Amino acid sequence: MAIQRNVLEYLQASAGRFPEKVAFSDEREALSFADMDLKARALGTFISRATDRTNRPVAILSERTAGTLAAFMGVLYSGNYYVPIDSSMPVERIRNIIDRLDPLLLLYCEENRKAAEALSGSCGISSLTDGFECAPDGDLLARRYSKVLDIDPVYVIFTSGSTGVPKGIVIPHRAVIDFTEWMADTFGFTCDDVMANQAPFYFDLSVKDIYLTLKCGATTHIIPKHLFMFPLPMLEFIEEKKATSLVWATAAFHLLANSGGLSEKAPASLNKVILGGEALYAKQLNIWRRALPDVTYVNLYGPTEVTVDCTYYIIDREYADSEVIPIGRACENKDVMLLDEGLAPVPQGSPGEICVRGSGLAHGYYGDSGKTSAAFVQNPGNPWYPDTIYRTGDIGVMNEDGLIVFQSRRDEQIKHMGYRIELGEIEAAISAISEVRELACFYDAEPDKIICAYSGGISSGEIIKRVSDSLPKYMFPNIFRQMDALPRTPNSKIDRVKLKKDYFENKGN
């Protein structure tokens, strides 16, 4: 039996088994597996005729469309790898990415033509419409396809960097194949599954929707962006499409719980909800469980650098609103370690940095060897040969059940009033209050040494009163600021950078 070395083999197999079945649909069109393969082969031929180079990046101005996903596959058919870029970002930020990437081409759909033309001085640009109309050349594609190894990249995803320069994370075929096989086997995905996609395609969370669909011959319906402002119509969309599975960002899961919509419309077709991206709060989980008690809920954890996720926890018991949900155990073929500042293992029950090794590790940061060598380091437990671990910068602790519990980012550990404090613990305690819709804490270290909390919900006095039994006084926030709604990043996470900017701009007022 031949070893799979290219994720395109998923598309080819499903196009053979289910040619007329819908693979992906959006507001405008539905593409069958045969449609996907035909469009991808056409675009792959177009790219191959435009350049004789392989194993190089091709950038795509990404939209929430089935056509964007066909474009990803087309780039892979050309023997190259795709780089999804958020078309709504400022042009200068896109240009910074393009300058670092030096792609063979920038592909765009017609609605992004102006944005693409503004970038034409940085690289060559081509229309997806032209690419999809090209006649496929099977012999040309076979020659290109045959050059790809499983260690070659599938995609590069750019995430924000601490210096303001985006970081491009390089993920190979083998990592995506291993992760997809594990997801399908562990959670029982089949051709009968129907998914409702929430994550934009320039976020790695969407990798699960994309490749589970292609591997299993499932169907994914892309939720129209505007529905996220209207909980009931979104729930009606999920019900109408008879979705069986939600593979969502935790932030979106929380927002829907907080909206109250589940009490009016709980999609009966759902059987599994798989979450990741940030801490899962028990209060919002319990809202979902009351509405849909027979659904399997899963909490996943992992940064983009480990190919989407590295730990999982199938939630198997009831949790009080104030309890913390574990992130669980290592995914298959990944080793997750908790290490101290000297990269030595910590005792059970002691906090340590979450570090990961295994087939899911990225190759590093595109064009940035300095950042790569700082984050991807030699396994301290193995001095005999190269054995890389990734330092996530997240702090976790192993509980008495052998499950890892996420505590905070490493840079969210603070020293306050002589005590070492995890801001995540404060957030978990306050978020358990039923009237608190959302919350974010940060620390103003110098010179004020102040814990600041932004919240939506009840007054600060009431919050302090309600957490007095669960938090010591030295962990009480010193300053509360109320907002009707906390600002959000494009992937629905709380925008902590914007909150800190607001705090320091209005400090003393």
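Is Asn 333 buried, partly exposed or exposed? Asn 333 is partly exposed, since its relative accessible area is 48%, and that value falls between the 20% limit for buried and the 50% limit for exposed. Please keep in mind throughout that this is a predicted model.

## Two loop residues with positive phi

Let us stay with Asn 333 for a moment. You will find Asn 333 in the loop between strand E15 (329-330) and strand E16 (334-339). Its phi is positive, at about 65°, although Asn 333 is not a glycine.

Val 308 is another residue other than glycine with a positive phi, here near 75°. Look for Val 308 in the loop that runs between strand E13 (296-301) and strand E14 (311-314). With a relative accessible area of 4%, Val 308 is buried, whereas Asn 333 is partly exposed.

## Where H2 meets H3

Now turn to a pair of helices. Helix H2 covers residues 33-50 and helix H3 covers residues 66-77; they pack at an angle of about 50°, and their axes are 7 Å apart. That angle makes H2 oblique to H3. The crossing of these two helices, H2 and H3, is right-handed.

Which residues of H2 and H3 meet? On the H2 side they are Met 36, Asp 37, Lys 39, Ala 40, Arg 41, Leu 43, Gly 44 and Ile 47. On the H3 side they are Ala 66, Leu 69, Ala 70, Ala 71, Met 73, Gly 74, Val 75 and Tyr 77. Sorted by class, the residues of the contact of H2 with H3 are 11 nonpolar, two polar and three charged.

## Where H8 meets H9

A further helix pair is formed by H8 (residues 173-187) and H9 (residues 206-216). Their axes lie 10 Å apart, and the packing angle is about 75°. H8 and H9 are therefore roughly perpendicular to each other.

From H8, the residues in this contact are Val 176, Phe 179, Thr 180, Glu 181, Met 183 and Ala 184. They meet Val 207, Lys 208, Tyr 211, Leu 212, Lys 215 and Cys 216 of H9. The contact of H8 with H9 has eight nonpolar residues, one polar and three charged.

## Aromatic pairs

How many aromatic pairs does the structure hold? There are 18 of them. One of these joins Phe 72 and Tyr 82: the ring centres are 4.1 Å apart and the planes are at 5°, so the pair is stacked. Phe 72 belongs to helix H3 and Tyr 82 to strand E4 (residues 81-86), so the pair ties together parts that are 10 residues apart in sequence. Phe 72 and Tyr 82 are both buried.

Phe 253 and Trp 288 also form a stacked pair, because their ring centres are 4.6 Å apart and their planes are at 15°. Phe 253 sits in helix H11 (residues 250-259) and Trp 288 in helix H12 (residues 282-291), so parts that are 35 residues apart in sequence are tied together. Phe 253 counts as buried at 0% relative accessibility, and Trp 288 is buried too, with a relative accessible area of 1%. Elsewhere, ring pairs link Phe 179, Trp 182, Phe 187 and Tyr 312 into a cluster.

## Buried residues in helices

Helix H11 also holds Thr 250. Thr 250 counts as buried, at 0% relative accessibility. Setting aside residues up to four places away in sequence, Thr 250 touches Leu 275, Gly 276, Gly 277, Glu 278, Ala 279 and Leu 280. Over in helix H9 lies Asp 209, which counts as buried at 1% relative accessibility. Beyond its neighbours within four places in sequence, Asp 209 is in contact with Phe 24, Met 195, Asn 197, Gln 198, Thr 220 and Val 247.

Our last stop is helix H14 (residues 423-431), which is mostly covered: eight of its nine residues are buried. Those buried residues are Leu 423, Gly 424, Ile 426, Glu 427, Ala 428, Ala 429, Ile 430 and Ser 431.

Technical notes
Residues are numbered from 1 along each chain as its sequence is written. This is a predicted model: local features need pLDDT of at least 70, side-chain atom pairs count only at pLDDT 80 or more; totals for chains, interfaces and linings use all residues. Side-chain values use heavy atoms; hydrogens and water are left out. Axes are lines fitted to C-alpha atoms, for helices over the stretch in contact, and angles run from 0 to 180 degrees between N-to-C directions. Helices (H or I, at least four residues) and strands (E, at least two) are DSSP runs, numbered from the N terminus. Angles under 35 degrees count as roughly parallel, over 145 as roughly antiparallel, 65 to 115 as roughly perpendicular and the rest as oblique. A crossing is left-handed if the near helix is turned anticlockwise from the far one by less than a right angle, and right-handed if clockwise. Contact means heavy atoms within 4.5 Å. Ala, Val, Leu, Ile, Met, Phe, Trp, Tyr, Cys and Pro count as nonpolar, Asp, Glu, Lys and Arg as charged, and the others, Gly among them, as polar. Rings of Phe, Tyr and Trp (its six-membered ring) pair if their centres lie within 6.5 Å; planes under 30 degrees apart count as stacked, over 60 as edge-to-face and the rest as tilted. Buried means under 20% relative accessible area, exposed over 50%, partly exposed in between (1.4 Å probe, protein chains only).
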